[in-house]
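This briefing covers a protein chain and its ligand.

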Amino acid sequence: MIILGIESTCDETGATVVENGRKVLSNIVSSSVKLHNKYKGIVPEIAAREQVRVIIPVVNEALAKAFGSIRSNNSYKFGCHIDAIAVSYGPGLIGSLLVGVETAKTLALIWKKPLIPVNHLIGHVYANWLTVNSSQLTEKNREPLTMNHEPMFPAVALIVSGGHTDLLLMTDHMKFKWLGGTLDDAAGEAFDKVARILGLGYPGGPKVERIARQWTMDNGQWTIKLPRPMIDSNNFDFSFSGLKTAVANLVHSSQFTVHSREEIAYEFQKAIADVLVTKTINAAKRFNVREILLGGGVAANSVLRQQLTDHCRGLNIPVKFPPVDLCIDNGAMIAAAAFFNRKIQSPQKLQADTSLYFAPTKI
Ligand code: AMP
Ligand code: MG
């Protein structure tokens with residue numbers, strides 16, 4: 001089954017062709033991130049306008065790459081090779097979401113193909129089902145993948161992104177129970193805000209990671225100790241806003257002359273990873289799972305990936321995370337999730353839903 005996955009929830013526009021929910025035939029992502037850099041955060045109107053500008057070329061290119069045409073501006077003829085169209089319909093920014101959703105609805109009507117709406121957050125979990133030919137990845141992402149096997153159930157999934165931090169128990173395909181989530185800032189949001197405090201620009205995660213690496217290369221130890229909020233709490237909730245405030249207080253105190261930005265970035269990143277890893281492992285042990293899955297933009301963080309892998313090795317629980325390219329928003333994860341949950345929706349009825357979320361009841 002060949003699915004065209006469309007993603008447009010925020011500042012990335014993605015279109016991907018995926019075979020049987022696993023094999024990525026093409027993966028095209030255009031990002032407006034550079035346009036937001038000078039504002040130090042996403043400007044929704046700019047993101048939406050950019051979505052409108054690039055959505056058709058991105059879909060065209062994905063189809064052309066998947067089906068072998070070099071003339072990417074004439075690839076609508078490839079619609080006949082598609083079995084279904086999947087689109088992330090929320091959560092996200094309304095202006096951005098509308099572009100992907102309306103495009104997917106239109107293509108479904110024109111090509112007379114089934115339309116499958118996908119929750120963007122569930123898409124991040126399903127990035128772990130994708131197999132990618134390394135030539136489809138950018139140079140910096142050609143790292144060895146963790147495990148080549150398909151995820152096993154039950155699994156604990158940690159979704160860490162710019163707007164969400166959630167721990168889920170996944171008992172089967174599309175069977176999720178929400179264990180807990182952030183009470184205030186999401187992990188990615190904390191990275192972005194700390195990057196702003198340190199004068200690093202947007203998006204914060206990769207920038208904090210880069211300068212933190214300079215500290216580890218130059219120095220063996222660090223002397224700052226930031227809090228690990230809620231690390232010992234008897235639940236699966238998180239809180240990152242106090243950690244961000246601790247960084248702001250440090251930067252505005254006289255100690256800032258003593259500690260470098262690199263040192264603060266290193267300790268901040270370690271604090272986030274410590275909390276995320278501890279809670280995820282607690283959940284894995286409590287529910288006796290066979291797999292730990294990581295997803296979302298923050299899952300690209302190498303310290304988080306390494307720390308989780310190291311801890312789980314001792315426990316004999318396999319950890320899976322997508323290659324960095326597929327942690328960032330993309331259409332492939334949407335097509336993969338759609339393959340495993342073929343709930344078709346009529347194009348006339350589908351609406352973008354900014355507040356789409358998991359069931360609020362915990363188990
Ligand atoms: P998403 O919301 O899934 O699109 O992911 C975007 C978020 O991931 C932003 O908050 C980024 O700062 C964060 N992010 C991206 N790469 C990294 C990284 N290497 N380390 C930490 N956070 C990251
Ligand atoms: Mg995302």
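## Ligand 1 and its surroundings

A polar backbone atom of Gly-162 sits 2.8 Å from an oxygen atom of ligand 1. On its own, ligand 1 has 500 Å² of accessible area, and the protein covers 89% of it. The model is predicted.

**Polar distances to the ligand**

- Asp-192 uses its side chain: an N or O atom there is 2.7 Å from an oxygen atom of ligand 1.
- Gly-205 uses its backbone: a polar atom there is 2.9 Å from an oxygen atom of ligand 1.

**Make-up of the shell**

- Two elements each give two or more residues to the shell around ligand 1: helix H5 (187-197) and helix H6.
- H6 supplies the largest share of that shell, with 4 residues.
- There are 15 residues around ligand 1, and those that come nearest are Gly-162, Asp-192, Gly-205, Glu-209 and Asn-301.
- Sorted by class, the shell has 8 polar, 4 nonpolar and 3 charged residues.

**What the record says**

- An unreviewed UniProt entry lists Ile-159, Val-160, Ser-161, Gly-162, Gly-163, Asp-192, Gly-205, Glu-209 and Asn-301 under "binding site".

- Gly-162 belongs to the loop that runs between strand E6 (155-160) and strand E7 (165-172).
- Is Gly-162 buried or partly exposed? Its relative accessibility is 45%, so Gly-162 counts as partly exposed.
- Beyond its neighbours within four places in sequence, Gly-162 is in contact with Ala-186, Gly-188 and Glu-189.
- Gly-205 is placed in helix H6, which spans residues 204-218.
- Gly-205 has a relative accessible area of 18% and is therefore buried, given that the cut-off is under 20%.
- Beyond its neighbours within four places in sequence, Gly-205 is in contact with Phe-191 and Asp-192.

**The chain as a whole**

- The protein chain contains 11 helices and 10 strands.
- It has 363 residues, and 56% of them are buried.
- Among contacts with a separation of 6 or more, 74% are between residues 24 or more positions apart.
- The accessible surface comes to about 15,600 Å², and carbon and sulfur atoms hold 53% of it.

**His-120**

- His-120 is part of helix H4, residues 120-126.
- A relative accessible area of 7% makes His-120 buried.
- Which side chain makes a polar contact with the side chain of His-120? That of His-124, at 3.1 Å.
- Leaving out its neighbours within four places in sequence, His-120 is in contact with Glu-7, Thr-9, Ser-88, Gly-90, Pro-91, Asp-329, Met-333 and Ile-334.

**His-36**

- His-36 lies in helix H1, residues 33-37.
- Its relative accessibility is 0%, so His-36 counts as buried.
- The side chains of His-36 and Ser-32 are joined by a polar contact of 2.9 Å.
- The His-36 side chain also reaches the backbone nitrogen of Val-43, at 3.0 Å.
- Leaving out its neighbours within four places in sequence, His-36 is in contact with Asp-11, Gly-41, Ile-42, Val-43, Ile-46 and Ala-47.

**Leu-294**

- Leu-294 is in strand E9, residues 291-295.
- With a relative accessibility of 1%, Leu-294 counts as buried.
- How far apart in sequence are Leu-294 and Asn-128? They are 166 residues apart, while their C-alpha atoms are 7.8 Å apart in space.
- Leaving out its neighbours within four places in sequence, the contacts of Leu-294 include Asn-128, Leu-158, Val-160, Ala-299 and Leu-304.
- Further contacts of Leu-294 include Arg-305, Leu-308, Lys-320, Phe-321 and Pro-322.

Terms used: Residues are numbered from 1 along each chain as its sequence is written. Chains are lettered from A and ligands numbered from 1 in the order in which they are written. This is a predicted model: local features need pLDDT of at least 70, side-chain atom pairs count only at pLDDT 80 or more; totals for chains, interfaces and linings use all residues. Side-chain values use heavy atoms; hydrogens and water are left out. UniProt positions are given in the numbering used here, feature names are shortened, and annotations may be inferred rather than shown by experiment. Buried means under 20% relative accessible area, exposed over 50%, partly exposed in between (1.4 Å probe, protein chains only). Contact means heavy atoms within 4.5 Å. A residue is near a molecule or strand if one of its heavy atoms lies within 4 Å of it. A polar contact is a pair of N or O atoms within 3.5 Å; within protein, one must be able to donate a hydrogen and the other to accept it, and residues adjacent in sequence count only if both atoms are side-chain atoms. Accessible areas come from the Shrake-Rupley method with a 1.4 Å probe; for residues, only the protein chains shown count as cover. Ala, Val, Leu, Ile, Met, Phe, Trp, Tyr, Cys and Pro count as nonpolar, Asp, Glu, Lys and Arg as charged, and the others, Gly among them, as polar.
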